[in-house]
Amino acid sequence: MARLTALVAVALLAPGAHAQAAFDLPQLTTLLAKVKSSEAVFTETRMVSILAQTLESSGRLSFTAPDTFVRETLKPRQEKMAVVGNNVTLSSGSRSRTVPLDSVPEAAIIVEALRGTLTGNRQVLERHFGATVSGSSQRWVLELVPTEPRLRELVSFVQLSGQQALVREVTIAMADGDRSVMKIAPVLAASRSASTPATN
């Protein structure tokens, strides 16, 4: 009996005996990488330091692995940003132009944060950011801080939170004090099918 008690005591006191491994970036990106494409709707609130009131917008998001990301703003006016590889196409009304993504550093780092997270691309995230993951697979938070000093002078951090393989909120903090919070709701396949007219 004494020997059994001693063994139990040792097991209880052993470091990490009953502690579960912390949820980390490799686990999160493995989870996210299982989703190869997705569509969602978003609402975004932007706080701009030089304006007294916040700006609100809404629209649709979509991504397809490995490198396609589309943001289509429907309100207050229609605009579209489509990123494929290193090319970004900006559309507003009938006007459209395509430029290399890396020619706009502040946009590039934000796109890489979003696209890298949505596609579960751990290599991209570790290449561009210092990444901190907290929580669990059921409710996680990923904070990304640009590793390059010149980019930190533009973007302080991008914070994404979600549940399982779904990103539900994105906060972008710019170095000049501007901030945006985007809430995301997935569009389910069943909902898309129901809204698509039947064809004969």
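Which residue stands opposite Thr-45 in S2?

1. Basis of the model. This is a predicted model, in which local features need pLDDT of at least 70 and side-chain atom pairs count only at pLDDT 80 or more, while totals for chains, interfaces and linings use all residues. Residues are numbered from 1 along each chain as its sequence is written, and side-chain values use heavy atoms, with hydrogens and water left out.

2. Confidence. The term pLDDT is the predictor's confidence in each residue, from 0 to 100. The chain has a mean pLDDT of 86, and 83% of its residues reach 70 or more. Helices (H or I, at least four residues) and strands (E, at least two) are DSSP runs, numbered from the N terminus.

3. Segments under 50. Over residues 2-19 pLDDT stays under 50, and the model has 3 contacts there beyond four places in sequence; contact means heavy atoms within 4.5 Å. Residues 189-200 also stay under 50, with 2 such contacts.

4. The sheet. An open sheet is formed by 11 strands in the order S6-S5-S4-S3-S2-S1-S11-S10-S9-S8-S7, with antiparallel pairing. Two strands pair if DSSP finds at least two bridges between them. At the edges are strand S6 (95-100) and strand S7 (129-136), each of which pairs on one side only.

5. Strand S1 and its partners. Strand S1 (residues 37-47) is joined to S2 by 10 bridges, and the two run antiparallel. Here lies the answer to the opening question: Glu-56 in S2 stands opposite Thr-45. S1 is also joined by 8 bridges to strand S11 (residues 179-186), again antiparallel, and Val-41 stands opposite Ala-185 in S11.

6. Strands S8 and S9. Strand S8 (residues 139-146) and strand S9 (residues 155-163) run antiparallel and are joined by 5 bridges. Glu-143 stands opposite Gln-159 in S9.

7. The nonpolar core. A nonpolar core is a set of buried Ala, Val, Leu, Ile, Met, Phe, Trp, Tyr and Cys residues joined through side-chain atoms within 4.5 Å; buried means under 20% relative accessible area, exposed over 50%, and partly exposed in between (1.4 Å probe, protein chains only). The largest such core has 37 residues, of which Trp-140, Leu-142, Leu-160, Val-170 and Ile-184 touch the most other members. Its largest share, 7 residues, comes from helix H3 (residues 105-118).
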